[in-house]
Amino acid sequence: MFEKLAEQSLNMMGWEIDNHWPLDLEQCVMIAAPHTSNWDALYARLALKALGVNVRLTIKDSYMKFPLGPFVRAMGGIGIDRRPKQPGEPRPSMVQVMTDLFKTHPKLVMLVTPEATRAKQEQWKTGFYHVAINAGVPIALAYMDYAKKKTGVGKIVYPTGDYEKDMAEIMAFYADIQPKFPKCFSVDQRYYQN
């Protein structure tokens with residue numbers, strides 16, 4: 001019921017849903033880009049709900065406590081705790097903690113925004129790639145194209161371990177996507193080849 005309502009809401013706003021989501025996919029890292037406006041979150045959430053994709057967002061563990069905890073969980077939040085397990089141990093990296101979540105959550109679609117800000121960034125945060133490689137999961141490419149009024153999941157990338165090649169494939173996908181504010185978006189110039 002919620003899926004149909006989300007789809008109808010997008011259609012009423014003139015948006016089309018791109019569905020390259022494999023029904024049997026239970027775990028992946030999902031990129032959401034471009035991210036130049038607060039409207040991106042609304043269109044992305046509606047599209048993913050329409051596709052029946054239950055995304056989770058990582059957030060600092062302290063936000064999972066009352067009074068914000070119930071709201072954060074309802075929005076798909078999943079707590080990240082980077083404190084060492086034992087005194088004297090090093091603090092685990094964010095990539096390691098996110099990778100470990102795939103071991104404890106058999107159905108996990110982890111949504112990330114590698115631009116990390118709505119301002120223009122010519123270098124993306126690439127931890128998502130290392131999480132996908134370490135967890136042995138694919139990378140789903142979600143997007144919002146304002147020129148075509150199209151949103152959804154456009155491609156699934158299965159990382160090969162050839163970092164440069166895989167990142168070039170991801171950047172080539174996003175290079176032609178038109179954000180709400182084009183001057184605020186760039187693919188990662190280190191890996192994009194026109």
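How far apart do the end C-alpha atoms of residues 29-147 lie, and what share of the span is helix and strand? The end C-alpha atoms of this span lie 26 Å apart, and the span is 32% helix and 22% strand. Helices here are DSSP runs of H or I with at least four residues, strands are runs of E with at least two, and both are numbered from the N terminus. UniProt, in an unreviewed entry, places the feature "domain: Phospholipid/glycerol acyltransferase" at residues 29-147; UniProt positions follow the numbering used here, feature names are shortened, and annotations may be inferred rather than shown by experiment.

The model is predicted, so that local features need pLDDT of at least 70 and side-chain atom pairs count only at pLDDT 80 or more, while totals for chains, interfaces and linings use all residues. Residues are numbered from 1 along each chain as its sequence is written, and side-chain values use heavy atoms, with hydrogens and water left out.

Axes are lines fitted to C-alpha atoms, for helices over the stretch in contact, and angles run from 0 to 180 degrees between N-to-C directions. The axes of helix α1 (residues 2-12) and helix α2 (residues 39-50) come within 7 Å and cross at roughly 135°. α1 and α2 are therefore oblique to each other, given that angles under 35 degrees count as roughly parallel, over 145 as roughly antiparallel, 65 to 115 as roughly perpendicular and the rest as oblique. The crossing of α1 and α2 is left-handed (the near helix is turned anticlockwise from the far one by less than a right angle; clockwise would be right-handed). Contact, meaning heavy atoms within 4.5 Å, is made by F2, E3, A6, E7, S9 and L10 of α1 and by Y43, L46, A47, K49 and A50 of α2. By class, the α1 and α2 contact has 7 nonpolar, 1 polar and 3 charged residues. Ala, Val, Leu, Ile, Met, Phe, Trp, Tyr, Cys and Pro count as nonpolar, Asp, Glu, Lys and Arg as charged, and the others, Gly among them, as polar.

Helix α4 (residues 94-104) packs with α5 at an angle of about 40°, the axes being 9 Å apart. This pair is therefore also classed as oblique, and its crossing is right-handed. V95, M98, T99 and F102 of α4 meet G127, H130, V131, N134 and A135 of α5. The contact residues divide into 5 nonpolar, 4 polar and no charged.

Helix α5 (residues 127-135) also packs with helix α6 (residues 163-175), at an angle of about 120° and with the axes 12 Å apart. α5 and α6 are therefore oblique to each other, in a right-handed crossing. F128, Y129 and H130 of α5 contact Y163, D166, M167 and I170 of α6. This contact has 5 nonpolar, 1 polar and 1 charged residues.

Rings of Phe, Tyr and Trp (its six-membered ring) pair if their centres lie within 6.5 Å; planes under 30 degrees apart count as stacked, over 60 as edge-to-face and the rest as tilted. The count comes to 10 aromatic pairs. One of them, W15 with Y43, is stacked, at 4.4 Å centre to centre and 25° between the planes. This pair links distant parts of the chain, 28 residues apart: W15 is in the loop between α1 and β1 (16-19), and Y43 is in helix α2.

Most residues other than glycine have a negative phi, and most peptide bonds are trans. The peptide bond from A33 to P34 is cis, with omega near -10°; P34 is in the loop between β2 (27-32) and α2. F66 and P67 are also joined by a cis peptide bond, with omega about 10°, and P67 is in the loop between β3 (55-60) and α3 (69-74). K149, a residue other than glycine, has a positive phi near 50° and is found in the loop between β6 (139-145) and β7 (150-157).
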